Protein chains: 2
Amino acid sequence: MIEFPPESRPKLIACNVPDMVPTVPVSVDLVVLTVRSQALCALVWRRDHPPYTGCWALSGGFIKLDEDLPAAAERVLAERAGLPGAPVHLEQLQTYGYPDRDPRERVVSVAYLGLAPDLPASTEAHMSWRAVAELTEMAFDHRRIMLDGIERARAKLEYTSLGAAFCPPEFTVADLRRVYEIVWGRPLDPRNFHRKVTKAEGFLLPTSHTTTRDGGRPAKLYRRGPAELLHPPMLRSLKE
Amino acid sequence: MIEFPPESRPKLIACNVPDMVPTVPVSVDLVVLTVRSQALCALVWRRDHPPYTGCWALSGGFIKLDEDLPAAAERVLAERAGLPGAPVHLEQLQTYGYPDRDPRERVVSVAYLGLAPDLPASTEAHMSWRAVAELTEMAFDHRRIMLDGIERARAKLEYTSLGAAFCPPEFTVADLRRVYEIVWGRPLDPRNFHRKVTKAEGFLLPTSHTTTRDGGRPAKLYRRGPAELLHPPMLRSLKE
DNA sequence: TAAATAGTGTCTATTAGACAGTATCGT
DNA sequence: ACGATACTGTCTAATAGACACTATTTA
């Protein structure tokens with residue numbers, strides 16, 4: 001790639017539109033999901049100014065002039081979502097650019113999906129975890145973005161090891177199963193689930209620790225393994 | 001959604017950056033793939049002006065002020081890629097926003113993936129189909145974008161019926177199998193493939209037509225069925 | 001002891017992969 | 001007839017789903 005110092009860059013001349021290349025603000029919006037209190041939750045804040053005053057909104061922010069998109073997402077996660085340095089898996093979700101999605105001015109928004117363990121929401125950043133089932137009235141097209149993020153998360157649990165991103169650093173097979181059950185919204189057979197995830201190469205790394213429990217046999221604790229893709233995948237069957 | 005006529009829209013005031021919201025040109029770039037001459041090919045043109053003079057490039061264009069992203073992709077497909085009205089499956093791929101990806105000025109590019117049957121490339125638009133294996137030197141980050149598109153296409157053949165998007169309206173099971181073989185780059189057993197796709201509910205709609213051939217039994221012709229997702233998916237095994 | 005949770009083994013129906021064999025065309 | 005391609009059936013190994021059973025803790 002040829003390098004230009006920023007101030008000396010020649011201005012862009014598009015082939016068929018040499019004079020008029022419209023520019024728009026580009027924002028990054030974050031769908032941060034977690035599993036807590038037996039529900040799939042999203043990290044949101046309540047808007048206190050127009051438009052959409054009182055509605056729940058995703059955390060977001062505008063990209064800076066020389067900032068990469070992943071860097072912008074990390075910055076929004078730290079500064080706006082109030083989760084600096086948290087172990088959140090971030091990946092680009094989709095870009096939303098319908099002209100009237102922000103009534104004030106056209107904004108193109110690159111949405112990122114974040115999968116997080118059950119972290120405390122930052123009161124300083126005025127964020128809170130809300131069950132996604134109750135987030136029916138949201139600002140802008142944030143409900144659509146959130147639903148797209150949830151569907152991506154559901155699909156990714158099938159063929160990747162990302163379910164562990166919802167868990168703390170050390171977790172039990174039952175913890176992981178509850179993540180799958182809540183994200184997919186259906187019960188899974190504990191014994192078959194156990195067999196599957198422990199036999200999937202690179203999914204779980206055993207540790208020497210166990211849990212202490214109110215009753216019942218202590219469970220082995222595992223860490224996330226190196227595998228990103230699962231072969232074969234954990235398919236949601238069609239039944240039910 | 002509250003409606004404002006465009007001219008009366010209040011300007012955007014971001015929470016923490018009330019004065020300075022940088023704006024950037026947003027483009028749409030198209031990775032249009034097809035299968036022809038036993039190879040996976042991409043629709044590209046050879047740049048005749050700087051930067052990257054002489055390099056192959058994807059077709060692209062800037063979004064207009066009040067144009068939706070899918071509409072921009074359709075317009076670029078028609079006007080720049082030279083495929084107006086063609087039966088091309090278009091879906092958003094990913095957004096690329098690294099600040100120096102265009103050496104002239106920062107451009108955020110929303111890439112779309114297009115899957116097309118074997119159509120003639122428009123000479124008027126100076127486009128041509130090139131085998132992706134030979135597209136090693138491309139302009140900007142277009143090679144990375146193309147590779148991301150190819151990987152998306154490979155994955156989508158597993159769990160959707162999109163392989164048929166590479167075929168003409170009526171096609172044989174062998175046609176479809178050759179698509180899979182070329183996109184995945186590995187031979188498939190014709191008999192097992194036949195069994196799988198004909199038994200997958202909603203994948204193929206039988207017609208009353210058959211092919212005429214140079215030799216060999218004529219094959220039944222099928223049309224794309226209504227199913228979008230395949231249950232169970234056609235998994236690429238790990239072998240080989 | 002009972003209750004609760006963790007983990008293992010076993011059976012069966014389904015499926016993937018391999019491949020023999022049949023069907024129907026052109027020459 | 002023969003080669004070529006389309007299609008069907010069959011065997012086997014692997015897997016998913018169902019579920020009986022054992023293991024280890026707290027109360």
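Tutor: Let's start with the area buried between domain 1 of chain A and domain 2 of chain A: about 830 Å², with carbon and sulfur atoms giving 78% of that. Buried area here is the accessible area (1.4 Å probe) that two parts lose on being put together, summed over both. Keep in mind that this is a predicted model, where local features need pLDDT of at least 70 and side-chain atom pairs count only at pLDDT 80 or more, while totals for chains, interfaces and linings use all residues. Residues are numbered from 1 along each chain as its sequence is written, chains are lettered from A and ligands numbered from 1 in the order in which they are written, and side-chain values use heavy atoms, with hydrogens and water left out.

Where are the two domains? Domain 1 covers 26-152 of chain A and domain 2 covers 160-224; the bounds come from an automatic or database domain assignment. Taken over C-alpha atoms, their centres are 27 Å apart. Domain 1 of chain A brings 12 residues to the contact and domain 2 of chain A brings 9, with contact meaning heavy atoms within 4.5 Å.

Now for what crosses that interface. The rule finds 0 salt bridges there (a side-chain nitrogen of Lys or Arg within 4 Å of a carboxyl oxygen of Asp or Glu). On the side of domain 1 of chain A that touches domain 2 of chain A, strands E1 (23-36), E2 (39-46) and E5 (89-96) each supply at least two residues. The largest share of that side, 3 residues, comes from E1(A). Strands (E, at least two residues) and helices (H or I, at least four) are DSSP runs, numbered from the N terminus.

Next, the rings. Phe, Tyr and Trp rings (for Trp, the six-membered one) pair if their centres lie within 6.5 Å; planes under 30 degrees apart are stacked, over 60 edge-to-face, and the rest tilted. Over all chains, that gives 6 aromatic pairs. One of them is Tyr180(A) with Trp184(A), edge-to-face at 5.1 Å centre to centre and 90 degrees between the planes. Both sit in helix H3 (residues 173-184) of chain A, 4 residues apart, about one turn of the helix. Tyr180(A) also meets Phe193(A): the ring centres are 5.3 Å apart and the planes at 65 degrees, so this pair is edge-to-face. Here the link joins distant parts of the chain, since Phe193(A) lies in helix H4 (residues 190-199), 13 residues from Tyr180(A) in H3.
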